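Here are my notes on the model, as numbered points. Please read them alongside the coordinates.

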Amino acid sequence: MGERAGKTNEENLILLKPERIVPLFSKFLLAGALATLLQYSLLISMVQLLNTDPVLASVLAYSLSAVVNYHLNYRYTFRSRQAHRTAFSRFMIVAGIGLCLNAAVMHLGIRVLGWHYLLTQVLSTGLVLLWNFTANALWSFRHPADRGHDGA
């Protein structure tokens, strides 16, 4: 591989080192904030204006915002070189698991514990954020050439 490809690998490689994780996680938070703004706007609109069940509204809003989140993370956060076919499929598997986590937390918080749907959604967002970052960094957007690279 050429020097340029080597630099790209190093830039895109996700290592569990603070000097790499902090800037990457910061970008992930920024991209996620935009997707979360969309998710919460849809959630509140569906619940308040359309009288949609909060758990269902959360699931629908999460699903729609996931597509926006994919594009932001592919281009901006991870600057992925992974083929869209592979990265999108992997991202959607990760998002699907995140969706299940989100739905479970929403159900538990609203229906079992009686919490307000927005408080529950904030807690769910924090949990799903940690899952999504870890899984996407280590799997969805990782290019095959990055595997085994030690970052030196």
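1. Is Asn51 buried or exposed? Asn51 counts as exposed, at 68% relative accessibility. The classes are buried under 20% relative accessible area, exposed over 50% and partly exposed in between, with a 1.4 Å probe and protein chains only.

2. Basis of the values. This is a predicted model: local features need pLDDT of at least 70, side-chain atom pairs count only at pLDDT 80 or more, and totals for chains, interfaces and linings use all residues. Residues are numbered from 1 along each chain as its sequence is written, and side-chain values use heavy atoms, with hydrogens and water left out.

3. Positive phi. Most residues other than glycine have a negative phi. Asn51 is not a glycine, yet its phi is positive, about 55°. Asn51 sits in the loop between helix H2 (18–50) and helix H3 (54–77). Helices are DSSP runs of H or I, at least four residues, numbered from the N terminus. Arg79 also has a positive phi, near 45°, and is a residue other than glycine. Arg79 is in the loop between H3 and H4. Please check both backbones.

4. Salt bridge. The structure holds one. The term requires a side-chain nitrogen of Lys or Arg within 4 Å of a carboxyl oxygen of Asp or Glu. Arg111 pairs with Asp53, and their closest N and O atoms are 2.6 Å apart. Arg111 is in helix H4 and Asp53 in the loop between H2 and H3, so the pair ties together parts 58 residues apart in sequence. Arg111 is partly exposed, with a relative accessible area of 45%. Asp53 is partly exposed too, at 32% relative accessibility.

5. Helix packing. The axes of H4 and H5 come within 9 Å and cross at roughly 155°. That makes H4 roughly antiparallel to H5, a label for angles over 145 degrees. Axes are lines fitted to C-alpha atoms over the stretch in contact, and angles run from 0 to 180 degrees between N-to-C directions. The crossing is right-handed: the near helix is turned clockwise from the far one by less than a right angle.

6. Nonpolar patch. Leu108, Val112, Leu113, Trp115, Leu119 and Leu123 make a nonpolar surface patch of about 550 Å². Patch residues have over 30% relative accessible area and no salt bridge, and nonpolar side chains are joined within 5 Å. Areas come from the Shrake-Rupley method with a 1.4 Å probe. Helix H4 (84–112) and helix H5 (117–140) each supply at least two of the patch residues. Leu119 is in helix H5 and is partly exposed, with a relative accessible area of 44%.

Terms used:
Patch = residues over 30% accessible without salt bridge, like charges linked within 9 Å, V, L, I, M, F, W, Y side chains within 5 Å. Parallel < 35°, antiparallel > 145°, perpendicular 65-115°, else oblique.
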